[in-house]
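Biologist: I am new to this one. Can you put the structure up and take my questions in turn?

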Amino acid sequence: MTKTVPSSSPTTTAFYAQAALSFGLALVAVTAGIIYLPVSGWVRAFLAVGMLYLVTSAFTLAKVIRDRQEDTSVTRRIDQARLDKLLAEHDPFKETV
């Protein structure tokens with residue numbers, strides 16, 4: 001009897017849309033806050049660059065986490081396939097020479 005590794009279910013369209021809309025709304029809100037902040041242009045520019053850096057860093061972190069998860073998933077499946085093959089080929093009643 002072999003166990004199969006459950007595959008992760010793909011995200012639904014509704015969840016994807018919710019995540020995209022939430023991200024877009026947050027980005028617009030922070031951008032509007034920076035634009036209407038009663039400070040000089042240099043301070044607004046600094047905050048805008050900081051926001052862009054934070055957004056790109058978040059995307060990079062999400063990609064690295066996803067890539068690491070996919071690597072461990074593939075390794076786990078390969079190890080499971082090797083174990084299944086060994087168990088299938090093993091005959092406990094076979095006499096050794």
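Biologist: Which side chain meets Lys-63 in a salt bridge?

Modeller: This is a predicted model. A salt bridge needs a Lys or Arg side-chain nitrogen within 4 Å of a carboxyl oxygen of Asp or Glu. For Lys-63 the N to O distance is 2.6 Å, and the partner is Asp-67.

Biologist: How many residues apart are Lys-63 and Asp-67 in their helix?

Modeller: Both sit in helix α2, which covers residues 41-89. About one helical turn separates them, because they are apart by 4 residues.

Biologist: Is Asp-67 buried, partly exposed or exposed?

Modeller: Buried means under 20% relative accessible area, and exposed means over 50%. Asp-67 has 25%, so the label is partly exposed.

Biologist: Which residue forms a salt bridge with Asp-67 at 3.3 Å?

Modeller: Side chains of opposite charge can pair when their charged atoms come close. Here the closest N and O atoms are 3.3 Å apart, and the residue is Arg-66.

Biologist: Which residues are linked in a network of salt bridges?

Modeller: Lys-63 pairs with Asp-67, and Arg-66 pairs with Asp-67. Arg-66 also meets Glu-70, at 4.0 Å from N to O. The network therefore links Lys-63, Arg-66, Asp-67 and Glu-70.

Biologist: What share of the protein chain counts as buried?

Modeller: The chain has 2 helices and 0 strands. It exposes about 9,100 Å², with carbon and sulfur atoms supplying 68% of that area. Of its 97 residues, the buried share is 3%.

Methods. Residues numbered from 1 in each chain as written. Predicted model: local features only at pLDDT ≥ 70, side-chain atom pairs only at ≥ 80, totals over all residues. Heavy atoms only, no water. Buried < 20%, exposed > 50% of the residue type's maximum accessible area, 1.4 Å probe, protein only. Areas by Shrake-Rupley, 256 points an atom, 1.4 Å probe, with all protein chains shown as cover.
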